[in-house]
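The sequence and structure are placed here for reference.

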Amino acid sequence: MPKANIYQIFYNQQTQESLDKGFIPLNNLQNSRPDWGEFWVIRNFLLNNDLKEDEWYGFLSPKFHEKTGLDSTQVHQFIKSISADTEIILLSPFWELIAFFPNTFSQGEFWHPGLTAVAQNFFNAIDEPKNIKNLIMHSGNTVYCNYFLAKPSFWRSWLSIGNQLFDFSENKSHPLHQQLNTPTSHNSHNNYTFKIFIQERLASYLLVNKNWNRINYPLSSTNSLISDIALFKDELISCDALKFQYSSTGHQVYLDEYLRLKNEISRRVNIKSPE
């Protein structure tokens, strides 16, 4: 069984004291670029460390347990059941959002209006002109909060796109600089910019566009975010299954049925941002 190097980031005394002892502490006390969130410390780790090709690496925020309901014991127990050739392990929270929304960008648009257009401009600029509005994601290819473990092959692809996002955002003369650094609301605050929420969707983008050998923690086994939607558990599990079948077969009937069921849920509940 490959080794799982699971780091948990801390950036002050409070987050350091809250760490799960079953993960490896990753020091970000300097926190010199809080505008990049966890991406700053993950990127620096990948740039400055040699990763072993047959091992998994992951970088979790201090809120991992709060967001997922999982602890290190559960994560390590899950890993024991995984095939050694697995390239990426998904530990995403918010199962109801995975099932309900077509993809992570449409979910992001719901919270951060304008995100899809900025993200599309970014992908166009790196010669990845796929229409992100049409992407269909499910529990097998969706990542929220950067909660995943991966082998270096996946991290290299992730870092390649992430470096371009970083360079565009840092270069004030780049045409996308202003868009990527435009503030958007998050938890009733406006101190996060579009670049952060695009970065958090890079893993999902990579997964939906290439057939990586991946496995996800079972749908509905982690915490939900919007309780009103989560009440429709059976319908949402069907939504996820329909999206998976559509992605696997390309048969329109699965997508049509998913959209019908999604619209039915929308009619029965007033979906609002938890902010």
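The entries below treat the sheet and then a helix pair.

**Entry 1: model.** I worked from a predicted model.

**Entry 2: sheet order.** I looked up the strand order and found an open sheet of 6 strands, β2-β1-β3-β5-β4-β8, with mixed pairing. I then asked which strands stand at the edges. They are β2 (24–27) and β8 (214–216); each has a single partner strand, so one side of each is left without a neighbour in the sheet.

**Entry 3: one strand pair.** I recalled that strands of a sheet pair through backbone hydrogen bonds, either parallel or antiparallel. I checked β4 (residues 88–90) against β5 (residues 148–150) and found antiparallel pairing over 3 bridges. For Ile88, I recorded Ala150 in β5 as the bridge partner.

**Entry 4: helix pair.** I turned to α13 (residues 233–249) and α14 (residues 252–268), whose axes come within 8 Å and cross at roughly 155°. Angles over 145 degrees count as roughly antiparallel, and α13 is therefore roughly antiparallel to α14.

**Entry 5: helix contact.** I listed the residues that meet between the two helices. The α13 side includes Leu236, Cys239, Leu242 and Tyr246, and the α14 side includes Tyr254, Leu255, Tyr258, Leu261 and Ile265. Charged residues also take part, among them Glu235 and Lys243 in α13 and Glu257, Lys262 and Arg268 in α14. By class, I recorded 9 nonpolar, 4 polar and 5 charged residues in the contact of α13 with α14.

Methods: Residues are numbered from 1 along each chain as its sequence is written. This is a predicted model: local features need pLDDT of at least 70, side-chain atom pairs count only at pLDDT 80 or more; totals for chains, interfaces and linings use all residues. Side-chain values use heavy atoms; hydrogens and water are left out. Two strands pair if DSSP finds at least two bridges between them. Helices (H or I, at least four residues) and strands (E, at least two) are DSSP runs, numbered from the N terminus. Axes are lines fitted to C-alpha atoms, for helices over the stretch in contact, and angles run from 0 to 180 degrees between N-to-C directions. Angles under 35 degrees count as roughly parallel, over 145 as roughly antiparallel, 65 to 115 as roughly perpendicular and the rest as oblique. Contact means heavy atoms within 4.5 Å.
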